[in-house]
Amino acid sequence: MMMRKNVGLILTGGGARAAYQAGVLDAVSTILREQGWAPQRNPFDIICGTSAGAINATALACSAENFAEGVKNLMQVWQNFSVEHVYRADSLSVLRSGARWLSLLSFGWLLRQWHADPPSSLLNNTPLVSLLHRSLDMRRLDAALTNGSLKALAVTASSYSTGLHTTFYQSAHEIKSWTRSQRRAVRDQIGVEHLLASAAIPFIFPSIPIYCEGQREYFGDGSMRQLAPISPAIHLGASKVLVVGAGRLMQPPSTVPLLPHYPTLAQIAGHALSSIFLDGLAVDIERLERINHTLSFLNDAQRELTPLKPIEMLIISPSKQIDDIAIRHIGSLPKSIRALLGGIGATELRGAALASYLLFESSYTSELIQMGQNDTYARRDDVLNFFADQMSNSQ
């Protein structure tokens with residue numbers, strides 16, 4: 001019998017792009033069931049998420065006692081999304097938040113009344129607060145950790161107050177916190193506020209206050225300053241990790257003809273967000289691959305002398321350009337949001353990257369789910385090899 005390894009699941013950020021993750025997880029669940037895996041059994045010991053991935057991760061963790069049910073519920077949410085579930089899209093709310101924020105960005109220094117109470121974000125995400133409270137039963141997370149269905153959950157956020165990238169984790173057993181350069185881990189009772197903080201895309205959604213180590217700090221999206229996205233799972237005990245991205249890690253050169261025009265605000269913002277959500281993960285994967293390659297040259301005695309250990313990885317990420325998919329679905333957004341995004345160039349092809357993070361509409365999210373399923377079925381053999389020792393130990 002092969003020795004049982006702790007399996008980690010890492011779900012990255014990306015706003016509405018995280019619908020892709022639901023498709024991947026649904027296909028993984030189906031592939032395992034076809035091999036005799038009990039539908040209720042959770043294949044992941046450790047679940048880690050960032051940004052929208054933190055919400056997906058916590059939803060799965062709360063259903064760790066019945067994995068198939070958790071995936072089904074996740075699919076239902078993403079297949080039936082509309083922007084009104086995430087942020088206010090009526091004209092009055094858009095004027096109060098988006099238009100006011102853009103006005104401040106343009107000439108707010110002239111408006112003294114905004115100095116004391118400036119608009120906090122482009123969009124008002126109070127509907128998301130209600131959705132999370134309705135959808136997540138955090139008591140089930142506590143139960144899963146107690147009965148052994150799950151060993152640990154971690155979500156990450158970035159502190160505007162201290163500049164530190166922070167991993168909040170909740171575990172079944174005592175796990176020592178860790179501190180690295182510009183990074184820290186804090187053991188905490190994970191709640192909705194941690195998810196809102198982790199998913200607070202900079203400028204788009206408001207930062208969230210959390211009491212951390214006795215002080216009130218304001219947090220934003222966990223993908224910011226995330227130098228090592230895979231690190232939390234390893235610290236929490238994972239020996240192998242399934243990483244599900246929300247963007248192509250190996251981007252081909254763009255086929256869009258170059259234009260001599262100055263970039264729009266949306267184009268710049270989309271480029272910045274893509275850097276935040278994709279670059280850190282790609283670098284971390286390359287780093288782990290180099291470490292694994294180096295360790296492969298050492299014998300057992302030499303490996304005992306190093307704190308490094310090989311980490312088995314399976315990475316599944318979108319096979320198509322999500323920006324190209326987003327541009328086809330912009331028309332499904334409410335008129336008020338289209339007008340707001342159109343004003344900064346996000347409804348044009350070159351600004352579609354920004355829209356791809358905000359398109360919480362079922363036509364768009366369903367297409368991403370389908371791509372996630374197809375990409376995973378195409379990797380069926382890799383999925384089965386990844387879970388081989390888990391299936392062997394269950395028989």
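Me: In which sense do β1 and strand β2 pair, and over how many bridges?
Reply: Keep in mind that this is a predicted model. To read a strand pair, look at the direction of each strand and at the bridges that join them. Here β1 and β2 (residues 46-50) pair in the parallel sense, with four bridges between them. For a spot to look at, find Leu11, which sits opposite Gly49 in β2.

Me: Which other strand is joined to β1, and by how many bridges?
Reply: That's β9 (residues 240-244), which runs parallel to β1 and is joined to it by five bridges.

Me: Is β1 mostly covered or exposed?
Reply: Go residue by residue, counting those under 20% relative accessible area as buried. In β1 (residues 7-11), five of five residues are buried. Val7, Leu9 and Leu11 point one way, while Gly8 and Ile10 point the other way.

Me: Now the helices: at what angle do α3 and α15 pack?
Reply: Compare their axes. Helix α3 (residues 67-79) and helix α15 (residues 362-377) pack at about 140°, with axes 8 Å apart. Over 145 degrees would count as roughly antiparallel, so this pair is oblique.

Me: Which residues make that contact?
Reply: From α3 come Met75, Trp78 and Gln79; from α15 come Ser362, Thr365, Ser366, Ile369 and Gln373. Sorted by kind, that's three nonpolar, five polar and no charged residues.

Technical notes:
Residues are numbered from 1 along each chain as its sequence is written. This is a predicted model: local features need pLDDT of at least 70, side-chain atom pairs count only at pLDDT 80 or more; totals for chains, interfaces and linings use all residues. Side-chain values use heavy atoms; hydrogens and water are left out. Axes are lines fitted to C-alpha atoms, for helices over the stretch in contact, and angles run from 0 to 180 degrees between N-to-C directions. Helices (H or I, at least four residues) and strands (E, at least two) are DSSP runs, numbered from the N terminus. Angles under 35 degrees count as roughly parallel, over 145 as roughly antiparallel, 65 to 115 as roughly perpendicular and the rest as oblique. Contact means heavy atoms within 4.5 Å. Ala, Val, Leu, Ile, Met, Phe, Trp, Tyr, Cys and Pro count as nonpolar, Asp, Glu, Lys and Arg as charged, and the others, Gly among them, as polar. Buried means under 20% relative accessible area, exposed over 50%, partly exposed in between (1.4 Å probe, protein chains only). Two strands pair if DSSP finds at least two bridges between them.
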